[in-house]
Amino acid sequence: MAEFKKYTIGALVSNKSGVLTRISGLFARRGYNIDSLCVCATEDPNISRMTIILVGDEYMLYQMIRQMDKLEDVKKIGCANELDCVYRDLMLVKVSAAPEIRNQIVEIKDIYKAKVVDLSIDTMILEITGDPEKLDAFVRVLEPYGILEMQRTGVTVLARGKHTLKDRDCYGDEEI
Amino acid sequence: MKLNGAEILINCLLEQGVDTVFGYPGGTVLDIYDALYRNGKINHVLTAHEQGAAHAADGYARVTGKVGVCFATSGPGATNLVTGIATAYMDSVPMVAITGNVGAAMLGRDSFQEVDICGITIPVTKHNYIVKDVRELAATVREAFKIASSGRKGPVLIDILKNVQTEQCEYEPAKPVKTVHRKVEPAELTKVVEAISASKKPIIMAGGGIISSESSALLHEFAKKIDCPVAYTLMGKGCIPEDDKLCLGMIGMHGTLAAARTLIAADTVIALGTRFSDRVALNRDKFAKDKTVIHIDIDNAEINKNVTSTLHVMADLNETLKTLIPLVKPAERKTWFLEINSYRKIGEEKKDTSILAYKIISTASRLAPENSTLVTDVGQHQMWAAQYYAVNAPRSFCSSGGLGTMGYGMGAAIGAAFGSGRLSVLVTGDGCFGMNMNELMTAVSQGVPLVILLMDNGVLGMVRQWQKIFYSRRFSQTNLNRKINYVAYAESVGAKGLMIDSAEKVEPVLKEAFAYATQNAAPVLVDCRISCDENVLPMIKPGMTYDTQLEKMEEN
């Protein structure tokens, strides 16, 4: 078995109901796992952008890209691993923060350039953005203090420079 | 002009050149059926069950190359289509299935006969729609036909809410959009041409893509020019005349000995419009190990999915062959064919011609009127038909290859007869026939010229054969033990019933059957009493390699 890696698939899809079901179904049917998924509308209200992190091998990656490419609702698709990209993830994390340990948490927050967005007597919500590895590290450091709950947006990706997903070449039939 | 949704639908179908629809009415499609009635230009074939309608649309599409259309009502009507849609999906058959659904006010309230048919059919359609706004209906229908018939073809479902069928909007007629495939540039084929010239022992594997891209003539020209043997997959049957000196017959689990041995000896596999399914490749890792594999297919997702190719071209086969043929050098491969002919000889010698099924099917192949369509169900009889019945022209063979749908045959045979305007010969088994035998009533009502060769062995033959090979003859639930009199059943629904119970009767009864069906444009059922221990051979066990082909039964 080939080594499993994390691959980032970016896709521009129709912004309508049911599209997510079609795509997640493709993964489920093959028993492939989505590690993270991020979907949002784009500058064009008819188009959503989807970023999927697939944990798998190259065979799984190309199968998924090609199967997704066949869906009518998928307009453009590509793998970000081929390009130099900026990866960002946003996380809110609620930690136990009794007054006597608050300072320690604030210190960690400063090192990681996170923000305090809520404070109660014994809890604190921190907001952090960064590449996924930075967030993972942040979680590990906070764990000993007691993470009450957390939410990540999932990875978002844009290629550096003038590359855009919508300008990618696309194979297809021409209409006459 | 202002029309209601149901009228717009009928008009859009006419725009697309639809002349025949297979279906079954019900509560949420009453308006569509009313518009159909008032319009009067589309022939509607009322089946006994929606599954029959879906298979009929499939059979119609396979013989005509056009998009097959079926109608069903919401809820159970829609779910009954699902097997037929999935069958079409697996075999890349262009189809548009139209279902009604409850009105917008009732949607999502678990109303009577409400089902989320779009959700259900996502994995078995190329695309599907739920139409909630009458203003989107015409564009949706047009797009559905375009999707069904372009690229790798397949089924599309349109679910139309009841209120959309009655609401009115402006209808502007439009011409159907034709899709043209991209041209293949010679530069794309340089390596393919080199690989073909370098090969000493090539074999062409021709799949269903040859049929669906209308490339049979080009295939023949190509194979002749490079002097290369052609083995077809089940879906490719009909792409080359069976008696052609280049033709090796079928390849796969129950393919010919000649095709298997030629493949083993070959240095290059030229796979045209085929997806290396497990019934063909069997062991996908070893199938073409140490061989050059050239894979040409329209579907990007098929490249390197099952068998890794050395070279691939992702394009329409017709366009590819048009560019490829002038580029390849003519060749003559005398020593290769000397070797192949020796395999053919062994294959002929080892062919089991003692079984009654062989005699019936090969005689039917000889006696059937020219241009008739062979339709099969799924199982032993399907493989015997593929092995012994000569199909010499494309679009004259219908069989459920990918999904392996038992019960496919009756509906498909009816649809094929409507599409071709000629006789359908259905080879079926008593297991399969039992699943959709109600459609014999349809064939009678519709005056369908149809000869049904019912391989009646009282068992589920293929499953039983596997129980013999893999399960030490523990015949769990494969003895049908039915007391039905098929001849009487046929007569009772208004068809003709005949019987073959000995080798002597084969020829006279088949002659009578073909004469009756042709002269009366009516169905004839021939109850062919065969032994439950006739087997399909040769056989390669699942996951095994071609050098393990069994020529005799090997029981465990």
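## Chain A: two domains

Chain A splits into domain 1 (5–79) and domain 2 (86–152); such bounds come from an automatic or database domain assignment. The C-alpha centres of these two domains of chain A lie 30 Å apart.

This is a predicted model, in which local features need pLDDT of at least 70, side-chain atom pairs count only at pLDDT 80 or more, and totals for chains, interfaces and linings use all residues. Residues are numbered from 1 along each chain as its sequence is written, while chains are lettered from A and ligands numbered from 1 in the order in which they are written.

## Chain B: overall build

Chain B has 22 helices and 21 strands. Both are DSSP runs numbered from the N terminus: helices are H or I with at least four residues, strands are E with at least two. The radius of gyration of chain B, taken over C-alpha atoms, is 24 Å. The globule rule (2.2 Å times the number of residues to the power 0.38) also gives 24 Å for 556 residues, so chain B is as compact as a globular protein of that length.

The C-alpha atoms of chain B fill a box of roughly 70 × 60 × 45 Å along the principal axes. Of the 556 residues in chain B, 56% are buried (20 or more other C-beta atoms within 10 Å of a residue's own, with C-beta atoms placed from the backbone).

Two packed helices are described by the angle between their axes and the distance between the axes. Axes are lines fitted to C-alpha atoms, for helices over the stretch in contact, and angles run from 0 to 180 degrees between N-to-C directions.

Helix H10 (residues 216–225) of chain B packs against helix H13 (residues 317–327) of chain B at about 30°, with axes 10 Å apart. By class, their contact has 6 nonpolar, 1 polar and 3 charged residues. Here Ala, Val, Leu, Ile, Met, Phe, Trp, Tyr, Cys and Pro count as nonpolar, Asp, Glu, Lys and Arg as charged, and the others, Gly among them, as polar.

Helix H11 (residues 257–265) of chain B meets helix H14 (residues 334–350) of chain B at about 145°, with axes 8 Å apart. This contact has 6 nonpolar, 2 polar and 4 charged residues.

## Where the chains touch

In all, 17 residues of chain B are in contact with 16 residues of chain A (C-beta atoms, placed from the backbone, within 7 Å). Helix H5 (117–121) and strand E9 (179–180) of chain B each give two or more residues to this side. By class, the side of chain B that touches chain A has 7 nonpolar, 7 polar and 3 charged residues.

Definitions and conventions: Buried ≥ 20, exposed ≤ 12 C-beta atoms within 10 Å, placed from the backbone. Contact = placed C-beta atoms within 7 Å.
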